[in-house]
Amino acid sequence: MPRQDTPGPTRPGPPPTAVCVGESMAVLLPDRPGPLESVESFRLSVGGAESNVAGALAAHGVPTAWISRVGDDGFGRRLLTEVAARGVDVSAVAVDPHRPTGVYLKEVGGTTGDRHDLGPGRSRLHYHRRGSAAAALSPDLLADPAAAALLAGARLLHLSGITAALSDGCLALLRALLADRRPGRLVSFDLNWRPSLWRDRDPAVLPPLLDAADLLLLGADEAEAAFGTGDPAALRRRFPAPATVVVKDAARQVTALERDGTAVTEPALAVEVVEATGAGDAFAAGYLAGTVRGLDQRRRLRLGHLSAACALTAHGDQAELPDAAVVAALLDASPAAWAATRVTAAGITGPGLPTSRAGDRTPPADASSPPTAPAPSSDPAPSADRARAQ
């Protein structure tokens, strides 16, 4: 498996605590809202569930690496540069000389009045990923020295159902990673249901993968589509093995259910949505960062909500987080103060915030301490002018 001759930029400091494995792509962002036929030009960016989570984890202060494959092309070089610029270690990303980097186009709704306009706050992704470099991921990755070293040292491994749908080799890689249980390493798995990816593949392979994780992240709407139910208690019974099952009820609330029957539900924040894409990945990163930091369940859920809220008020898949004082105040806020908090593109307001810092969005305090050992055990929120973050 070829890897770039010169390793990509890596995050300075300690070796990665977290490793995210999976596909990312070049993204073409329109210069205006409205249907694609009205767009005059596109801006190049990058995106993808696993690299989004990796970048957001790094923003939360968790040293993180992303492992994948990209093509030996301009899109692949741009992807490596941008993900590395987010503070993510990309040294184990392979560059494939024969396959291209995947691409998707984003369509953003507006108020044009055109019957094909998705409407304000809504977006749609158009994928061109068949035969991509990432689709060639396979268990061969485990023999690559750079990837093997990162995986061996990871205290948190994050995977998603997108990878399982890309190819037989990708599915085999997930099975191999989930079978490689290591003491002190937490494996999280986000369903990330993408119906279009499963049209020519059998989604029956998914349940055993999900049930093999330590921490399972599910969108209620995704689970309803994939498994016939979005009810948290029913999903906890459907997947009995993970230590924790987290069910995201879109803009309303999120519930974390432990294997022993304990359940914690936390309402979402009030948000003025700019764009919904990336909110699910941001929630996952916030929740995982809280896990790494050893926060209690309610604070983990709140950190996920806050991370998702920031993504909902930003264009693109990555958002700037509030500073450490604001984060700490919100994690410790009373239920009433939490419910009264509002997140907009201009900042965050609420009765529980430090007055002089409420609107700030700067990197939080370092959260790089390793996660507690596991117990034996990006999709976007619905669009609306005003919503609650997933």
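Student: Before we look around, what counts as a salt bridge here?
Tutor: A salt bridge is a side-chain nitrogen of Lys or Arg within 4 Å of a carboxyl oxygen of Asp or Glu. Keep in mind that this is a predicted model.

Student: Good. How many salt bridges does the structure hold?
Tutor: There are 17 salt bridges in the structure. One of them joins Arg69 to Asp96, with the closest N and O atoms 2.5 Å apart.

Student: Where do Arg69 and Asp96 lie?
Tutor: Arg69 is in strand β5 (residues 69-71) and Asp96 is in strand β6 (residues 94-96), so this pair ties together parts that are 27 residues apart in sequence.

Student: And are those two buried or exposed?
Tutor: Arg69 and Asp96 are both buried.

Student: OK, what about Arg78, which residue does it form a salt bridge with?
Tutor: Its partner is Glu82, and the closest N and O atoms are again listed at 2.5 Å. Both residues sit in helix α2 (residues 74-85), 4 residues apart, or about one turn of the helix. Arg78 counts as partly exposed because its relative accessibility is 31%.

Student: Which residue pairs with Asp249?
Tutor: Arg252 does, with 2.2 Å between the closest N and O atoms. Asp249 has a relative accessible area of 25%, so it is partly exposed.

Student: Which residues are linked in a network of salt bridges?
Tutor: Asp180, Arg182 and Arg185 are linked that way.

Student: Switching to rings: how many aromatic pairs are there?
Tutor: The structure holds 4 aromatic pairs. Among them is Tyr104 with Tyr127, a tilted pair at 5.2 Å centre to centre, with 50° between the planes. Tyr104 belongs to strand β7 (residues 103-108) and Tyr127 to strand β8 (residues 123-128), so the contact ties together parts 23 residues apart in sequence.

Student: How accessible are Tyr104 and Tyr127?
Tutor: Tyr104 counts as buried, at 3% relative accessibility, while Tyr127 is partly exposed at 28%. Arg129 also lies over the face of Tyr127, 4.3 Å from the ring centre.

Student: Nice. What sort of pair do Phe227 and Phe239 form?
Tutor: That one is edge-to-face, with 5.3 Å centre to centre and 70° between the planes. Phe227 lies in helix α7 (residues 220-227) and Phe239 in the loop between α8 (232-238) and β12 (244-249), so the pair ties together parts that are 12 residues apart in sequence. Both phenylalanines are buried.

Student: Last one: which residue has its charged end over the ring of Phe239?
Tutor: Arg238 does, and its charged end sits 5.1 Å from the centre of that ring.

Note on methods: Residues are numbered from 1 along each chain as its sequence is written. This is a predicted model: local features need pLDDT of at least 70, side-chain atom pairs count only at pLDDT 80 or more; totals for chains, interfaces and linings use all residues. Side-chain values use heavy atoms; hydrogens and water are left out. Rings of Phe, Tyr and Trp (its six-membered ring) pair if their centres lie within 6.5 Å; planes under 30 degrees apart count as stacked, over 60 as edge-to-face and the rest as tilted. Helices (H or I, at least four residues) and strands (E, at least two) are DSSP runs, numbered from the N terminus. Buried means under 20% relative accessible area, exposed over 50%, partly exposed in between (1.4 Å probe, protein chains only). A charge sits over a ring if NZ of Lys or CZ of Arg is within 6 Å of the ring centre and within 35 degrees of the ring normal.
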